[in-house]
Amino acid sequence: MRRALLVASAAIGVAAMLPPGEAQRLALPEVVLIDAGWFWRGSSDEDLAYAIGLCEREWGEQAPELCRGDLLAQLLAAETPQRRIWLSAYRIDRTEVTHERWRRCVAAGRCPPARTDGDPRLSAPAMPVTGVDFFEAERYCAFAGGRLPTEAQWERAARGADRRRFPWGQQFNDRLANHRSPIDGFRYLAPVGSFPAAASPHGLFDMAGNVWEWTRDRFDAESYSTDRSVDPEGPATGGERVTRGGSWRSSADLLRTTLRRPWPAGSSAPDLGLRCVYDALSPQRPGGGRSRGAAREATGAPRHPGPLGGESG
Ligand SMILES: [Ca+2]
C-alpha cells in the first residue's frame, strides 16, 4: 500500500513538472481501440464550399490564385463522393510517433536516424519525428508491432462517425491545432498532445496539424468512386502515398479531417511524420512484436457489416 502510494505520488510529481499537454498524454493509454463499425468518409458539397471559404479568409489577396486555382480544386475533388465505409476494429496510436520512440527503433538497428534529428527546433524527445520517408515509417510501425494506418482508418480516428470537418467539430479554431499561424502558441513543432481540448471523438491528439502523417494507401484522386466499402485499402499501384492532417506549416483549409495530400513515397519532409495501427485483438508491445490472443477484447461490436449496417462510433 505504502509502495503504491509512493509510486502514485512520484507519478503526480513528474506530471506536475511537465507542460500540460505532456502530462495529459502520459496519463492516458498510448493506444486507442476503435470498434468495428460504419463511418462517413469524404466531403459533401457544403464541406467543400466551407474549405474554399476558409482558404480565402486565410490568404487574402493571394486567395484567387491559391483558393480558386486548379491545385486546390483537384485536392477537393478527391474528397468526393462522400460514402459510408465499414471498418473492422483496430487500435491506433493516440499521438504522433515521437523522436523518443523513433530512437528506440534506431537503437535496435531497425530504423535509420531521422533526417531532422539534431535540429533543435524539430527534435526534442517529445516532439513528433519527421524527416522519414514512407518505407522508413513502415519499418518503424513493424518494429512497434503494427503497420501504418489505411486512409480510412486514419480518417475515422480523426472524425468519428458524425462527419465532422475537424477533430473537435465543424468549425475551424485557430487555437486548437499547431498550424501556420503562431497564434496557437508554437512557431515550429509542438510536443505531441499539446492540444488536449482538440482531441478527436476517439481521444486522439494532433489529428489536425503539428505534422502530416503517412498512410498506407497509394493516392488516386478517383479512388473514392471505385474502391470497396468494407476495409478499403486504396489502389494496388502508384508511387505516391496519401498523407493526412496538415502540419505546423499548413493553412487552415489543409487541416480538415478529409483532406488527402499525395506525397512521393521515397521523400521525407520536416513536417511529415506518422502514427501506427495495430491488430485489435493483439495488444501492442512497443519494440517487441505481438502476443496474439493474450488479452482478447470483447468489443461488443460485430466484426463484419450486417445487412442493414448500423451506425457505430
Ligand atoms: Ca498530425
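Analyst: Of the 313 residues of the protein, 46% count as buried. Buried means that 20 or more other C-beta atoms lie within 10 Å of the residue's own; exposed means 12 or fewer, and partly exposed is in between, with C-beta atoms placed from the backbone. The model is predicted: local features need pLDDT of at least 70, side-chain atom pairs count only at pLDDT 80 or more, and totals for chains, interfaces and linings use all residues. Residues are numbered from 1 along each chain as its sequence is written.

The protein has 9 helices and 9 strands. These are DSSP runs numbered from the N terminus: helices are H or I with at least four residues, strands are E with at least two. Of the contacts with a separation of 6 or more, 78% join residues 24 or more positions apart. A contact here means that the C-beta atoms of two residues, placed from the backbone, lie within 7 Å.

Now the sheet. It is open, has 3 strands in the order E1-E4-E9, and its pairing is antiparallel. Strand E1 (31-34) and strand E9 (277-279) are the edge strands, and each pairs on one side only. The twist averages 30° from one strand to the next. Two strands count as paired if DSSP finds at least two bridges between them. E1 and strand E4 (residues 90-93) have 4 bridges, in the antiparallel sense. Within that pairing, Ile34 stands opposite Tyr90 in E4. Helix H8 (residues 151-159) packs on the sheet and touches E1, E4 and E9. The direction of H8 makes about 70° with that of E4. For such angles, axes are lines fitted to C-alpha atoms, for helices over the stretch in contact, and the angles run from 0 to 180 degrees between N-to-C directions.

Next, the core. In soluble globular proteins, nonpolar side chains tend to be buried together. A nonpolar core is a set of buried Ala, Val, Leu, Ile, Met, Phe, Trp, Tyr and Cys residues joined through C-beta atoms within 7 Å. The largest one here has 57 residues. Ile92, Trp102, Ala137, Tyr140, Ala157, Leu274 and Cys276 touch the most other members. Sheet strands E1, E4 and E9 each give two or more residues to this core. So do helix H3 (45-59), helix H6 (99-107), helix H7 (134-143), H8 and strand E5 (212-218). H7 gives the most, with 5 residues. Leu274 touches Glu96, Val97, Ala137, Tyr140, Leu148, Glu213 and Trp214, not counting residues up to four places away in sequence. A second, separate core has 7 residues, among them Trp38, Trp86, Leu87 and Ala152.

H7 also holds Glu136. Glu136 counts as buried because it has 21 C-beta neighbours inside 10 Å. Leaving out residues up to four places away in sequence, Glu136 touches Cys111 and Pro112. Pro113 is 23 residues from Glu136 along the chain, and their C-alpha atoms are separated by 9.7 Å.

Asp47, Leu48, Ala51, Leu54, Cys55 and Glu58 are the buried residues of H3. They lie on the same side of H3, because they cover an arc of only 120° around the axis. That arc is taken from the directions from the helix axis to the C-beta atoms. Helix H4 (63-67) and H5 are included in what covers them. The face turned away from the buried side carries the exposed residues Asp45, Glu46 and Ala49. Gly60 follows H3, and its phi is positive, near 50°.

Last, the loops. A cis peptide bond joins Thr80 and Pro81, with omega about -5°. Pro81 sits in the loop between helix H5 (70-77) and strand E3 (83-87). The loop between H8 and E5 holds Arg163. Arg163 is not a glycine, yet its phi is positive, near 60°. Arg163 counts as partly exposed because it has 17 C-beta neighbours inside 10 Å. Asn210 is also found in the loop between H8 and E5. Its phi is positive too, about 70°, although Asn210 is not a glycine. With 34 C-beta neighbours inside 10 Å, Asn210 counts as buried.
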